[in-house]
Amino acid sequence: MIACMPNTDIPLVHSDEVKLFATMLNELDGDIHSLLETARMPQDILSSQSSNAFVPESALKSVFQTLGERASPEKFALLTWTLCHDIYVPRFANQITQTHSLKAALEEVSQLLKQISDNVSLSVVSRGGKWWLVREKQDAKREWFRYAEMFSAMFMNELLKKLVGSQWRLAEVGIQDIE
């Protein structure tokens, strides 16, 4: 059970989420302690037992940036896909109670995400005669953003595959980027 999100002006994320992503650093070549240091993470983040703690969102951003800079594009894609497919998406899908429509299920996932990070915006919107699952995030000009955006696109695709089933085929995707 995740504790309630504290009320603060600093964007926060649940420490378990940071730990989950930090474990991907283990898959990179190199000393895990130096990789954690590069990501500005506490050395004990992977062993810490603080299950109801929140940490600044900057910790998660640092992990994304370190992963993106240290892994090849193929390795980064494989690591994020594996995390989404095997761990992250099933965890959210198993918590969904709103099964009467895809839109309701996705709106519930949006609320679940807000329980672990107070700076997440995921919504279902109609634009240009089509329905879109939209994740909005500030700071598109920052280095970490591109990697976080790639993860989010993969997460949303895997989530839709899980909810819709084998008939789901990604047809269009929009990525927020500075280029």
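How do the residues of the lining of the largest cavity divide into nonpolar, polar and charged? They divide into 14 nonpolar, four polar and six charged. The account below starts with the model as a whole and then returns to that cavity.

## Model and confidence

This is a predicted model. The protein chain averages a pLDDT of 84. Of its residues, 90% score at least 70. Helix 4 (residues 73-93) has the highest mean pLDDT, at 94. Helix 2 (residues 32-38) has the lowest, at 76.

## Overall fold

The protein chain holds six helices and four strands. Along the sequence they follow the pattern β-α-α-β-α-α-α-β-β-α. The chain has 179 residues, and 42% of them are buried.

Contacts across the sequence can be split by separation. Among contacts with a separation of 6 or more, 66% are between residues 24 or more positions apart.

The buried residues of helix 1 are S15, E17, V18, K19, L20, F21 and A22.

Helix 3 (residues 57-70) has 14 residues. From its first C-alpha to its last it reaches 20 Å, close to the 20 Å expected at 1.5 Å a residue. Ten of its 14 residues are buried, so helix 3 is also largely enclosed by the rest of the structure. The buried residues are E57, A59, L60, K61, S62, V63, F64, T66, L67 and G68. What covers them includes strand 1 (12-14), helix 1 (15-22) and helix 2. Strand 2 (54-56), helix 4 and helix 6 are also among the covering elements.

Rolling a probe the size of a water molecule over the atoms shows where empty space is left. Here the count comes to one cavity of 30 Å³ or more. Of the 24 residues that line the largest cavity, the closest to its centre are L60, V120, R135, F151 and S152. The volume of the largest cavity is about 380 Å³.

Which element gives the most to this lining? Helix 6 does, with six residues. Helix 1, helix 3, helix 5, strand 3, strand 4 and helix 6 each supply at least two residues. L60, one of the residues closest to the cavity centre, is also one of the buried residues of helix 3.

The largest pocket has a volume of about 650 Å³. Of the 26 residues that line it, the closest to its centre are W131, W132, L133, L160 and E172. By class, the lining has 15 nonpolar, four polar and seven charged residues.

Four elements each supply at least two residues of the pocket lining: helix 5 (102-116), strand 3 (121-127), strand 4 (130-136) and helix 6 (143-164). Helix 5, strand 3, strand 4 and helix 6 each supply at least two residues of the cavity lining as well.

F92 is found in helix 4. Is F92 buried or exposed? Its relative accessibility is 3%, so F92 counts as buried. Beyond residues up to four places away in sequence, F92 touches V109, L112, L113, I116 and F155.

K114 is found in helix 5. Its relative accessibility is 38%, so K114 counts as partly exposed. K114 and V13 are 101 residues apart along the chain. Their C-alpha atoms are separated by 9.1 Å.

Conventions:
Residues are numbered from 1 along each chain as its sequence is written. This is a predicted model: local features need pLDDT of at least 70, side-chain atom pairs count only at pLDDT 80 or more; totals for chains, interfaces and linings use all residues. Side-chain values use heavy atoms; hydrogens and water are left out. On a 1 Å grid over the protein atoms alone, a cavity is a set of points where a 1.4 Å probe fits but cannot get out, and a pocket is an open set with protein on both sides within 12 Å along at least five of seven lines; lining residues have an atom within 4 Å of a point. Grid points are joined across faces, edges and corners, and a volume is the space filled by probe spheres set on the points. Ala, Val, Leu, Ile, Met, Phe, Trp, Tyr, Cys and Pro count as nonpolar, Asp, Glu, Lys and Arg as charged, and the others, Gly among them, as polar. pLDDT is the predictor's confidence in each residue, from 0 to 100. The expected span of a helix is 1.5 Å times one less than its number of residues. Buried means under 20% relative accessible area, exposed over 50%, partly exposed in between (1.4 Å probe, protein chains only). Contact means heavy atoms within 4.5 Å.
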